[in-house]
Amino acid sequence: MNFIPRDAPESLEFEKILQLLEANCQGDLGREKIRGLQPMTDPKLIEKRLDEVAEFKQGMDDKQMLRLGTYEDIAEELKMLKVEGYVLGENGLQRINNLLLQTRDVFKFFKITSRQSVYEALYGLIRPIVFEEELLKEIESVIDAEGNIRADASAELTRLRRMISSKEREMERVFKSEIDKMRKKGWLTDNVESFRNGRRVLSVPSEHKRKIRGIIHDESSTGRTAFIEPEAVIEINNDVFDLQQEEKREIYRILRELSAKLRPHVHSLAIYRDLIVTFDVIQAKATLARKLKATRPKVLPQPHLGIIEGRHPLLYLKNKQIGKKTVPFDLQLFGRNRILVLSGPNAGGKSISMKSVGLLQLMFQCGMLVPADAESQMGVFQKLFTDIGDQQSLEDDLSTYSSRLTNAQQFLSNADAGTLVLIDEFGSGTDPKIGGAIAEAILDELHRKKVFAVITTHYSNLKIYAFKTGGIVNGSMHFDKDTLSPTYELQVGRPGSSYAFEIATKSGLPNKVMKYARRRVGKQEGAVDQLLIDLQREKQEAEEALTKLKDKQQTLDNLTRTYEQLHKDLEVRRKRLKLEAKEQALQETARQNKEMEKVVRELREEKNLEAARDKAKKLRENRKELGEQVSDLRESIYYAPSHKDEEPIREGDSVKLRTGGASGVVESIDKKRAIVQVGDLRMTVKLRDLEPAKEQMNVRRERSVSSDINRVATFDSRLDVRGMRYEEVLATTEAFVDRALMSNASLLQIVHGKGSGALKRAVRQKLREYKSDFKLSHPPREAGGEGVTVVELL
């Protein structure tokens, strides 16, 4: 993010936020990384950082998250390890060991599979890293928890330390014996013994020093006391010294071998260090977020301000300490509305609200949770320009107003649609009329550049300009007229008065002074603010009424479309019910053919041919009429065009069956038939049975296990075609199989009887047209045998 001026974050007190973060870090490296924190401009990276902190905070809230302890920088150790032959000391190894222990704890935490999904973003930090636990084992085999060389680091070291302990016990025994002897002779001072040159010695008065055999190591400053190593312990002390030197050489050898084992893993150690630093920063952010009751806002890639119940973080912490409530604010700036002109009385909270916007934006783009509602939406800005406070400069020979004009010139030269501008007391510092006019011109140019901005001011001309200009909205800090005190509530949509006279009166200025001031201002000036407030209120009411009308119109349009669709669906459903009833009647008629044949036979036997002809004719007419009704209904339901200007179907088009609605792709067209690929099935379908699909459907390549529950529930998998003509069997079987495919049925039964086999051949012919994997068979004899065809849909 680019800043103008360079100290823009400091003017928003962002460095205090960083100091709070530093206080929560466990190591100097983490604090150093916090000090170098810069706002990001990549929305995906911001989301990633926010997710990491939000997950860590959630884990802390649930008391399930790991806690990092203190750690030290191992940069010097890693640097020296790269030098061939260099030997690390115990302190350096202890620092590396501590880092490896923390790294192991992190990896151990995520060994539980459920945590990998719950804390997905955090787990993503360690997923590409392999922890080499052998390094930790190697160090811990040499260094104990306090950073000392372990006695069992090698067999030789164990032997040497055992011998040293034995010699030290022997020396203790001999030395005590010498003390007892000398004390009985009265040759020792009250202090009895001391240490000189690393040796244990006796404190002997000078007049007795020639009486004791041994080595004089030192004398007191007065010369009255000599420090003598008795002859009996000299050899023992020499043995201890020699053993200690051997111990040092063995320790050096052990450390040299350990350093050599660690040397190839310097890169891995650097990765572990960076990982711990990253978790340290995340933990610090999460800890601060808990103190601020901060949440993760929704991230938008474009510039956007949608803060809900936002709070100034520093003010919130301050008020929290004294038990005072911090008044939250809402601010929505997006789309056409991009600039807020904020007015109101002094000490009413204008500057705090403006700074809150900038501070929350910096925190957000630095990957920190913000003290606002979780439904807040925040966009990404590329630049942040601020003009806050007195920027008078003696070195640059700039007055306060000159510095403001310099900032304005830089803003206008560098601002664009990805810029957030924050200006406090816009236009102040010079003659109000001239300053107000210049400020309005600058505001107009910033508006043309489509910047986002929050600007505080007292100038009425800027409030009027905001009222008249689309994309700029007025705002104010609410002021209680009764108590003449601010409520610190941000109100967007109406300008605010400065309440200068009321505040001046409350502060104790004499009435005579106030009357004179009111006289000088006149009535017109005081009425401008109230006029603006009334106009803004009326405008807002009109806009709200218009929005409600639009919402009602949209609701009405939706209801109309829904009604039309419901009416259409109801009509189709009515016709389908009628069709099913007719089809059932047709099948019932076919079943009654046997009765007709029986009646005809009886009539023939009675030689009443004329009556037989009349009966047969009447039955044929009834059947024909019923068949025509079924055909008409089928035409009106399945073959009625969906659109008036429906285009002809071509190869490669996405289509769906009129009966059932299954979708597929047309592979080829032959006259009035088409081959359609529906899932794994290739079907030959009449063109009239197809209609264009609105969009290409994703076809599953595996057998689907889903089904339309209603259709499966109502579909009858048994069809009886006995008594039908050959053509009727073909049509009825086709409709039956189509419904079976749409209902995902797996087993069908078609009853055609034995007879001459014509109906059976008609059924088989129609099934072959589907070019699908149908397995045909007959049931057992008692279930119909050759008179029933069983169809298995594979």
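Keep in mind that the model is predicted. The largest nonpolar core has 105 residues, and a second, separate core has 34 residues.

**The nonpolar cores**
- In the largest core, the residues that touch the most other members are Leu100, Phe110, Leu122 and Phe279.
- Helix α12, which covers residues 266-292, gives the most to this core, with 15 residues.
- Among the members of the second core are Leu719, Val729, Ile750 and Val791.
- Leaving aside residues up to four places away in sequence, Leu100 touches Phe131, Leu135, Leu136, Ile139, Leu269 and Tyr272.

**Helix α6**
- Helix α6 runs over residues 90-109, and its 20 residues should span 28 Å at 1.5 Å a residue.
- Leu100 is one of the buried residues of α6, and others include Gly92, Leu93, Ile96, Val106 and Phe109.

**Threonine 326**
- You can find Thr326 in the loop between α13 (313-321) and β8 (329-333).
- Is Thr326 buried or exposed? Thr326 counts as buried because its relative accessibility is 9%, and the cut-off for buried is under 20%.
- Beyond residues up to four places away in sequence, Thr326 touches Arg311, Leu315, Tyr316 and Asn319.
- With Asn319 there is also a polar contact between the two side chains, at 3.0 Å.

Terms used. Residues numbered from 1 in each chain as written. Predicted model: local features only at pLDDT ≥ 70, side-chain atom pairs only at ≥ 80, totals over all residues. Heavy atoms only, no water. Helix = DSSP H or I, 4+ residues; strand = E, 2+ residues; numbered from the N terminus. Buried < 20%, exposed > 50% of the residue type's maximum accessible area, 1.4 Å probe, protein only. Polar contact = N/O pair within 3.5 Å; in protein donor to acceptor, adjacent residues only side chain to side chain. Contact = heavy atoms within 4.5 Å. Core = buried A, V, L, I, M, F, W, Y, C linked by side-chain atoms within 4.5 Å. Expected span 1.5 Å × (residues − 1).
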